[in-house]
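Biologist: Pick one spot in this model and take me through it closely, please. Then carry on to whatever else you find worth a look.

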Amino acid sequence: MTVNISFAAGLRLGSGLQDGMVVQQDRPMTVWGWSEPGSSVAILPDWAAGAVVVASDASGYFSGIVAVPAVRAGDYRAHTLSVSSGASQIRLSDVLIGEVWLCSGQSNMQFALREALDSTAEVAAAQHPHIRLLDVALNFSAEPIDSFRGKWTECTPRTAARFSAVGYFFGRRLQQALDLPVGLVFSGIGASAAQAYVPRDVLAADTLLDRVYLEPYLSSPRSKEIVNGGFSFEKVTRPYLLYNAMIYPLRRMSLRGICWYQGEANRLERGSYTRLTQTMISSWRRLFAQGELPFYYVEVAPFFWDNKDSTLADYAFFREAQRKISELGNTAMVSTVDVGEEKNLHPHNKKPIGIRLAQTALNRTYGRLDTFCCGPRYQHLEIKGRRVTVFFEPGTSDGLHTDDGSEPRDFMVAGADQRWYPARASIGGDRVVVWSDKVKRPVAVRYAFTNAAVTRLHNAAGWPVPLFRTDAWPEPPVKTK
């Protein structure tokens, strides 16, 4: 008996093992499922010389590891993988070997291609048979679970329209550059908080994270409720529930790396968020057990948070806390400071974000060092009278320009009194000179360090100057309306 589905009489494969899937090249692949207790199970991919034979345990569970070869650019051969036990056999077809990336986070990662800028043209062009999409269905669980709902589909205008726009643009750029199959797995949900993606025992083991995130939940009546799969804006902020239901079940999947876009739900936090996210990354790496998996994440975009005071900077301080996540090894943040919409928490221009993530991966993960992947990075300043010259790290600010050729904006200067004033600025080669007639003796500069500044200062590669500040002054109390 042969069927092209993931179950047969007395035999069932684990979640995600399906027709049309993409298998990570050059890494071991775990094939798992259930058969009759104590039975012999043969796993045979068509790229192997022989089958891997394992036995199921007393509960019927089995797991086997098969080697997956490296593939060359342009290799889009469709493979088969057969799993048999006794008279039952499952034969998976149209299996591609390539690159697999997990995309996760909250609404700006979930934001669908059909909602993005130029969606009509982008959706119509989304016919990419060698990109495969897997959208993990929303679920919550108080305990780690073994399975998830979701089906691998070919990237077509119909399937791509519903998929993550950032994920799609990331995957499309990778597929074009590498000339290999790409598998994209989305597992996240809008409004979710970072603590929802961290294991309970990991939160409990860290004194700060336990105090800030776990104990307030465990001591609340909500922790005593029966957890079901239904959505609520409050439930997606509860610790560990999304990890248990939407990350833990993916643990047997071989990956090349992870893309993450989240933060709005944690925007009032600072150091605890940095630590929380770094801890989450480390816990995921342990879970997948594939070394220091690359983790590339997106800065939250400028937004005014329904307050028209243009001097407010609390969201800038949060984005500063986000940037510090990259102090953890094999991580990097891409900036959105130039593609936000001041009064839209979900800006529509998602294409540059996906492409920047892909360029980061191409440079850092795939070793394509000729692929540029950063904006001008502030290095130091020099002060002469009222004028301050801002220097950037060598090689990051080549071709510094504004999009329309106008004078750079969004700079501020302050004296020792810590009072900030809007500043004028001019580009001088690969540096910027900043001044204000209201500050006779400047000591510090800030750039785009407000809640909603959407910028236009880039290097020749089109990467924006990220927001920065040269001072270390403490954040003032957040103003209220």
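Modeller: Let's start with Gly257, which is buried, its relative accessible area being 0% (buried means under 20%, with a 1.4 Å probe and protein chains only). Keep in mind that this is a predicted model, where local features need pLDDT of at least 70 and side-chain atom pairs pLDDT 80 or more, while totals for chains, interfaces and linings use all residues. Numbering runs from 1 along each chain as its sequence is written, and side-chain values use heavy atoms, without hydrogens or water.

Gly257 sits in strand β14, residues 257-261 (strands are DSSP E runs of at least two residues, helices H or I runs of at least four, numbered from the N terminus). Leaving out residues up to four places away in sequence, Gly257 touches Val100, Trp101 and Leu102, plus Leu293 and Pro294 (heavy atoms within 4.5 Å). Phe295 is 38 residues from Gly257 in sequence, yet their C-alpha atoms are 6.1 Å apart.

Now for a pair of helices. The axes of α6 (residues 207-218) and α8 (residues 271-288) come within 10 Å and cross at roughly 105 degrees, with lines fitted to C-alpha atoms over the stretch in contact and angles running from 0 to 180 degrees between N-to-C directions. That makes α6 roughly perpendicular to α8 (65 to 115 degrees). On the α6 side, Leu208, Leu209, Val212 and Tyr213 make the contact, and they meet Ser272, Tyr273, Arg275, Leu276 and Thr279 of α8. By type, that contact has six nonpolar residues, two polar and one charged.

Two or more lining residues come from each of α9 (314-323), β20 (411-414) and β21 (420-422), with β21 giving the largest share, three residues. That lining divides into 20 nonpolar, six polar and 10 charged residues.

The second largest pocket holds about 610 Å³. Among its 28 lining residues, Arg323, Met333, Gly375, Arg377 and Pro466 lie closest to the centre. Here α9 turns up again, alongside β16 (331-334), α10 (351-364) and β26 (468-469), as elements giving two or more residues. β16 gives the most, four residues. This lining splits into 15 nonpolar, seven polar and six charged residues.

Notes
Ala, Val, Leu, Ile, Met, Phe, Trp, Tyr, Cys and Pro count as nonpolar, Asp, Glu, Lys and Arg as charged, and the others, Gly among them, as polar. On a 1 Å grid over the protein atoms alone, a cavity is a set of points where a 1.4 Å probe fits but cannot get out, and a pocket is an open set with protein on both sides within 12 Å along at least five of seven lines; lining residues have an atom within 4 Å of a point. Grid points are joined across faces, edges and corners, and a volume is the space filled by probe spheres set on the points. Angles under 35 degrees count as roughly parallel, over 145 as roughly antiparallel, 65 to 115 as roughly perpendicular and the rest as oblique. Buried means under 20% relative accessible area, exposed over 50%, partly exposed in between (1.4 Å probe, protein chains only).
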